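Trainee: Could you take me through one part of this protein in detail? I would like to look at its inner spaces, starting with the cavities.

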Amino acid sequence: MARPVIVWFRNDLRLDDNPAVVAVARSGAPLVALYALDDDSPGPWRMGAASRWWLHHSLTALGADLARLGVPLTLRRGRAEFVLEGLIEETGAAGVYWNRLYEPWAMRRDSEIKANLRARGLTVESDNGALLFEPSRLRNGQGNAFKVFSPFWRACLATGGPAAPLPAPKAMTAAPAPGGDALADWRLLPTKPDWAQGLRESWRPGEADARRRLVEFAATRVGAYKVARDFPAGEGVSRLSPHLHFGEVSPRRVWAEVMAAAGEAGLPYLRELGWREFCHHLLVANPDMPERALDKRFGAFPWRDDPAALAAWQRGQTGYPLVDAAMREVWRTGYMHNRARMVAASFLVKHLLLPWQVGERWFWDTLVDADLANNSGGWQWVAGCGADAAPYFRVFNPVLQGEKFDPEGDYVRRNVPELAKLEARWIHRPWEAPADVLRRAGVRLGETYPGPIVDHARARARALAAFEEMRAAPPP
Ligand code: FAD
């Protein structure tokens, strides 16, 4: 029998359009399918709690899909290089195939592993299964990484579009099964307390549901996306982000499905996938992006330290209904609508003057789609310190944002039940509502729902003063 090849699964938990799996299938070599839970290599960016919940279910789904091809999924825990060493020795594998990750810690680790294994005569193949375009190949006119989205996206489109997705193999040869861990022993799911009820109600991780969501969105909703995407109460967005992060669906498959269903009308949606590409491009070019502002002047920004304000934000108790709805949505479901992310993040950074890294951390732990590139890119964009970012002096007004994008207050009602009976006219500014309106709605400000923890106009003035203080500081 030919020597087996290991496919090392990471954030590519699918069989469709999986270059590593297809390469082994084409070679005819027996397959050893591995997932290694490596909590050491990421350092501070070890997977957060909501992501671990997702991972458990996604691995269950992948295991079942592989089992249908007669291939067991081997689970091992530990530093990836040691796990691979052990498995190569046990199985006599001739090579290891994987799809690339773009987190700086993973790029460092994987290139070391590749060099070591190749030096020992093993075949190591890595391919791009996570992005439409290889981020380090895209360069501006001066040969540098892009700093502005529009020319970046034009350069992406000028390549003629992404490659066509590869269909899942219909058959694979399995190598004799090596032993592995039981998934339950990894304790990825919460137990006491079990906070995952809302996640279970909102999501079904795995390739099948990712595909179902994509097909449904492309067939019925992608044409309306451009307008509908900004309204958090509706069904305007695809909610594919956790599926994309864990690689249960490939962006090439998304591109192909959207183009086939909607043609040009799908371009506003594909442009958002372009932001995902841009964030990864920025992260590859700036490996310290998760920790440090791309705009180095922000090193001198006078951030505050205010644990009480931070706790109010985290718990959705700021007194600004749209911000609180956003923060409770993520706590309950592991997801937050993009408009709500922008408003809630802006509130932390500008109204409360708390460092964007603190919010980034909270999102890292609570989002099921927590993604190092998109999360740090999103926070830097909102904070005004990133590439092609919203200017710092643009301070979102959470009341006006609510009235514009949640005009009936349905998003607030769903996530902040104590305001559910308040008339739409007052739902984004309950502190201005007449006493009898509040009474009829059962709202007692300061008791059933907090008053605003900061005054918008004063907070805005304070944020702009802080920005001026930073600008007056000597250059870094
Ligand atoms: P859709 O609107 O349906 O978009 C389709 C896909 O395009 C998304 O699934 C996502 O992969 C990509 N996308 C859309 N908008 C963006 C964007 N602004 N930046 C990068 N990619 C985008 N996205 C994450 O995937 N993980 C994160 O950890 C994350 N953190 C964020 C933090 C902040 C402060 C902000 C402002 C944004 C963040 N985003 C993050 C981007 C965006 O909010 C989500 O991708 C989006 O809300 C996911 O919902 P969806 O799949 O329905 O998006």
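**Cavities and pockets**

Mentor: The lining of the second largest cavity draws at least three residues from each of domain 1 (5-129) and domain 2 (131-165 + 207-285). Keep in mind that this is a predicted model. The volume of this second largest cavity is about 140 Å³. Its lining has 17 residues, and Asn11, Ala130, His245, Arg276 and His280 lie nearest the centre. Two elements give two or more residues to that lining: α9 (241-245) and α11 (267-285). By class, the lining of the second largest cavity holds six nonpolar, six polar and five charged residues.

Now step back to the whole set. The structure holds three cavities of 30 Å³ or more. β2 gives the most to the lining of the largest cavity, with three residues. That lining has 13 nonpolar, three polar and six charged residues.

About 1,200 Å³ of space lies in the largest pocket. It is lined by 44 residues, and Arg229, Glu272, Trp275, Asn338 and Asn374 are the closest to its centre. Several elements give two or more residues to this lining, including α14 (338-351) and α16 (372-383). α11 gives the most, with ten residues. The lining of the largest pocket divides into 24 nonpolar, eleven polar and nine charged residues. At least three of its residues come from each of domain 2 (131-165 + 207-285) and domain 3 (296-470).

Finish with the second largest pocket. About 310 Å³ of space lies there. Among its 19 lining residues, Ser202, Arg213, Glu235, Arg239 and Arg414 are the closest to the centre. α6 (197-202), α7 (207-220), α13 (321-333) and α18 (410-415) each supply at least two residues of the lining. By class, the lining of the second largest pocket has three nonpolar, six polar and ten charged residues. Domain 2 (131-165 + 207-285) and domain 3 (296-470) each give at least three residues to the lining of the second largest pocket.

Technical notes:
Residues are numbered from 1 along each chain as its sequence is written. This is a predicted model: local features need pLDDT of at least 70, side-chain atom pairs count only at pLDDT 80 or more; totals for chains, interfaces and linings use all residues. Side-chain values use heavy atoms; hydrogens and water are left out. On a 1 Å grid over the protein atoms alone, a cavity is a set of points where a 1.4 Å probe fits but cannot get out, and a pocket is an open set with protein on both sides within 12 Å along at least five of seven lines; lining residues have an atom within 4 Å of a point. Grid points are joined across faces, edges and corners, and a volume is the space filled by probe spheres set on the points. Helices (H or I, at least four residues) and strands (E, at least two) are DSSP runs, numbered from the N terminus. Ala, Val, Leu, Ile, Met, Phe, Trp, Tyr, Cys and Pro count as nonpolar, Asp, Glu, Lys and Arg as charged, and the others, Gly among them, as polar. Domain bounds come from an automatic or database domain assignment.
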